[in-house]
Amino acid sequence: MSTTTIYQTAALARLSQDEDAWVFRVPTLKDGIGIHQLIASCPPLDENSSYCNFLQSSHFHKTCILAEYDGEIVGFISAYLKPESNDELFVWQVAVSPTMRGKGLAYHMLQELLMREYLQHVQAVETTITKSNEGSWNLFKKLDKSHGETGSVSVFLDEQQHFKGHHDTEFLYRIPLKNNQ
């Protein structure tokens with residue numbers, strides 16, 4: 001057996017072990033600080049106040065998901081149902097611990113979230129992404145591909161018009177969900 005094959009086999013075994021050890025759950029109020037610390041460790045994500053994370057893990061807990069590994073918070077997706085379009089889920093942030101990147105955790109969390117009974121009526125997922133955030137583009141392109149590649153991208157918040165040069169343009173990525181229609 002070649003050295004390359006041995007390393008590939010070992011890497012696949014570690015990945016499998018990581019996936020088996022991930023625990024996905026609804027966040028609770030007690031998770032607020034841990035979520036805040038995770039997001040702080042995930043630049044370029046905007047670090048909101050810890051109060052925001054407490055609200056996400058209590059008021060919006062049904063539309064957010066938390067991932068644990070060995071009892072530690074390693075992933076979090078914050079999302080909400082849009083007030084005027086209750087069948088559209090807006091994904092606000094996706095945070096994955098640097099120790100868990102490259103293992104498919106973000107996509108697993110997104111899939112787990114969309115499988116919840118509470119969200120079975122959702123017809124589309126929306127998110128905003130800056131041009132330079134390759135990880136988010138890859139994640140949502142993968143989701144789009146799994147639903148027939150019918151997503152669309154448009155400018156949501158312009159760098160100059162909305163942010164007055166203080167933040168990069170946020171592009172809105174809208175993905176219709178074929179299996180929920």
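The legends below describe close-up views of aromatic and charged side chains in a predicted model.

**View 1. Edge-to-face pair of Trp-22 and Phe-24.** The structure holds five aromatic pairs. Trp-22 is buried, with a relative accessible area of 6%. Phe-24 has a relative accessible area of 23% and is partly exposed.

**View 2. Tilted pair of Trp-137 and Tyr-173.** The centres of these two rings lie 5.8 Å from each other, with 40° between the planes. Trp-137 belongs to helix 5 (residues 134-146) and Tyr-173 to strand 7 (residues 170-176). The pair thus links distant parts of the chain, 36 residues apart. Both Trp-137 and Tyr-173 are buried.

**View 3. Aromatic cluster of Phe-60, Tyr-80 and Phe-90.** The three residues Phe-60, Tyr-80 and Phe-90 form one cluster of aromatic side chains.

**View 4. Lys-142 over the ring of Tyr-107.** The side chain of Lys-142 lies over the face of Tyr-107, at 4.4 Å from the ring centre.

**View 5. Salt bridges of Glu-126.** A search of the whole structure finds seven salt bridges, and Glu-126 takes part in the one with Lys-82 and in the one with Arg-174. In the bridge to Lys-82, the closest N and O atoms are 2.8 Å apart. Glu-126 lies in strand 5 (residues 124-130) and Lys-82 in strand 3 (residues 72-82), so this contact ties together parts that are 44 residues apart in sequence. The bridge between Glu-126 and Arg-174 has an N to O distance of 3.1 Å. Here the link runs from strand 5 to Arg-174 in strand 7, 48 residues apart. Glu-126 is buried, at a relative accessible area of 5%. Lys-82 is partly exposed, at 22% relative accessible area, and Arg-174 is also partly exposed, at 28%.

**View 6. Salt-bridge network of Arg-25, Lys-30, Asp-31 and Glu-68.** Salt bridges link these four residues in a network. Lys-30 counts as exposed, at 68% relative accessibility, whereas Asp-31 is buried, with a relative accessible area of 4%.

How values were computed:
Residues numbered from 1 in each chain as written. Predicted model: local features only at pLDDT ≥ 70, side-chain atom pairs only at ≥ 80, totals over all residues. Heavy atoms only, no water. Phe/Tyr/Trp six-rings, centres within 6.5 Å; stacked < 30°, edge-to-face > 60°. Buried < 20%, exposed > 50% of the residue type's maximum accessible area, 1.4 Å probe, protein only. Helix = DSSP H or I, 4+ residues; strand = E, 2+ residues; numbered from the N terminus. Lys NZ or Arg CZ within 6 Å of the ring centre and 35° of its normal. Salt bridge = Lys/Arg side-chain N within 4 Å of Asp/Glu carboxyl O.
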